[in-house]
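Here is a short briefing on one chain. Please keep the sequence and the 3D view open while you read.

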Amino acid sequence: LGALLLCMGAAVQAQPPIIQPGPPGQPGRIISAEEAADLAGLEYSRGDIMFLRGMISHHAQAKEMSELADERTNNEAVLALADRIFLSQDDEIQMMQGWLEDRGLAAPDMDAHHAMDFDLMPGMISDEQFAALREASGPEFDRLYLEYMIEHHLGALEMVENLRHLGIEVTLVE
C-alpha cells in the first residue's frame, strides 16, 4: 500500500506534458520543459508580430466558414473536416493571442476581420463569397466550402512566404 501511495503521489506531482502544436492538419509533439523555455526566449521581429496578428484573423475566418457546415451539409467528410479545422484554428488562435499578450502586445479580437478598414489577408474570402457560402447547402455548399478552404490555406502558405521574403527565417514544424 505504501508503494502504491508513493507512486500515486509522484504521478500527481509530475508535470503535465507540454505540447507544441504542429502545422495545420498535423499533430503536435510533446516537448520538454527545457525546449519550451528555449522557445519562449526566442527573439521576434515586427514581421513576426504582423504575421501573428494577420494569422489570428485568417484563422477566425476559417472558423466562421467551418461553423456553417453543420446546418448546410450532411456530407460526413466535409463535416469531419470542418470540425477538425474549427478545433485546430481555435487552439492556434488562443496560442497566438497568448504569445502576443505575454509580450505586452495587442492581439486582435476574433472579429477584427469584420472591421470596415480591415485588409483581407491572402486567401481570405470576401463578404460576397462568404454570403454565397452562407446561402448554399448540400453539394453546392460542399463545393464552395472546399474550394474556399483550399484557397484559404494556400493563402496561409503565401503569408509564410511573404514573411520569409522579409528576411525572417520561418521553420515549419514537421
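In which helix do Phe141 and Tyr145 both lie, and how many residues apart are they? They both lie in helix H7, four residues apart, which is about one turn of the helix. The model is a predicted one. Its chain has 174 residues, with seven helices and two strands.

**Overall build**

- Along the sequence the elements run α-β-β-α-α-α-α-α-α.
- Of the 174 residues, 34% count as buried.
- The accessible surface of the chain is about 11100 Å². Carbon and sulfur atoms hold 57% of that surface.
- Take the contacts in the chain with a separation of 6 or more: 68% of them join residues 24 or more positions apart.

- A pair of aromatic rings is described by the distance of the centres and the angle of the planes.
- The count of aromatic pairs comes to one.
- That pair is Phe141 with Tyr145: the ring centres are 5.6 Å apart and the planes meet at 15°, so the pair is stacked. The cut-off for stacked is under 30 degrees.
- Phe141 and Tyr145 are both buried.

**H6 against H7**

- Helix H6 covers residues 127-135 and helix H7 covers residues 138-165.
- Their axes come within 8 Å and cross at roughly 145°.
- The crossing of H6 past H7 is left-handed.
- On the H6 side, Gln129, Ala132 and Leu133 make the contact.
- By class, the contact residues of H6 and H7 are six nonpolar, one polar and no charged.

**Ala136, between the two helices**

- Ala136 sits in the loop between H6 and H7.
- Is Ala136 buried or exposed? Its relative accessibility is 7%, so Ala136 counts as buried; the cut-off is under 20%.
- Leaving aside neighbours within four places in sequence, Ala136 is in contact with Arg72, Phe141 and Leu144.
- Arg72 is 64 residues from Ala136 in sequence. Their C-alpha atoms are 7.0 Å apart in space.

- Met149 is part of helix H7.
- Its relative accessibility is 4%, so Met149 counts as buried.
- Outside the four places on either side in sequence, Met149 is in contact with Ala62, Met65, Ser66 and Ile85.
- Two of these partners, Ala62 and Met65, fall within the range of helix H3, residues 46-67.
- Ile125 lies 24 residues from Met149 along the chain, and their C-alpha atoms are separated by 9.1 Å.

**His58, in H3**

- His58 belongs to helix H3, residues 46-67.
- Its relative accessible area is 2%, so His58 is buried.
- Which residues does His58 contact, leaving aside neighbours within four places in sequence? They are Met121, Pro122, Gly123, Met124, His152, Gly155, Ala156 and Met159.
- Among these partners, His152, Gly155, Ala156 and Met159 have numbers within the range of H7, residues 138-165.

How values were computed:
Residues are numbered from 1 along each chain as its sequence is written. This is a predicted model: local features need pLDDT of at least 70, side-chain atom pairs count only at pLDDT 80 or more; totals for chains, interfaces and linings use all residues. Side-chain values use heavy atoms; hydrogens and water are left out. Axes are lines fitted to C-alpha atoms, for helices over the stretch in contact, and angles run from 0 to 180 degrees between N-to-C directions. A crossing is left-handed if the near helix is turned anticlockwise from the far one by less than a right angle, and right-handed if clockwise. Contact means heavy atoms within 4.5 Å. Ala, Val, Leu, Ile, Met, Phe, Trp, Tyr, Cys and Pro count as nonpolar, Asp, Glu, Lys and Arg as charged, and the others, Gly among them, as polar. Buried means under 20% relative accessible area, exposed over 50%, partly exposed in between (1.4 Å probe, protein chains only). Accessible areas come from the Shrake-Rupley method with a 1.4 Å probe; for residues, only the protein chains shown count as cover. Rings of Phe, Tyr and Trp (its six-membered ring) pair if their centres lie within 6.5 Å; planes under 30 degrees apart count as stacked, over 60 as edge-to-face and the rest as tilted.
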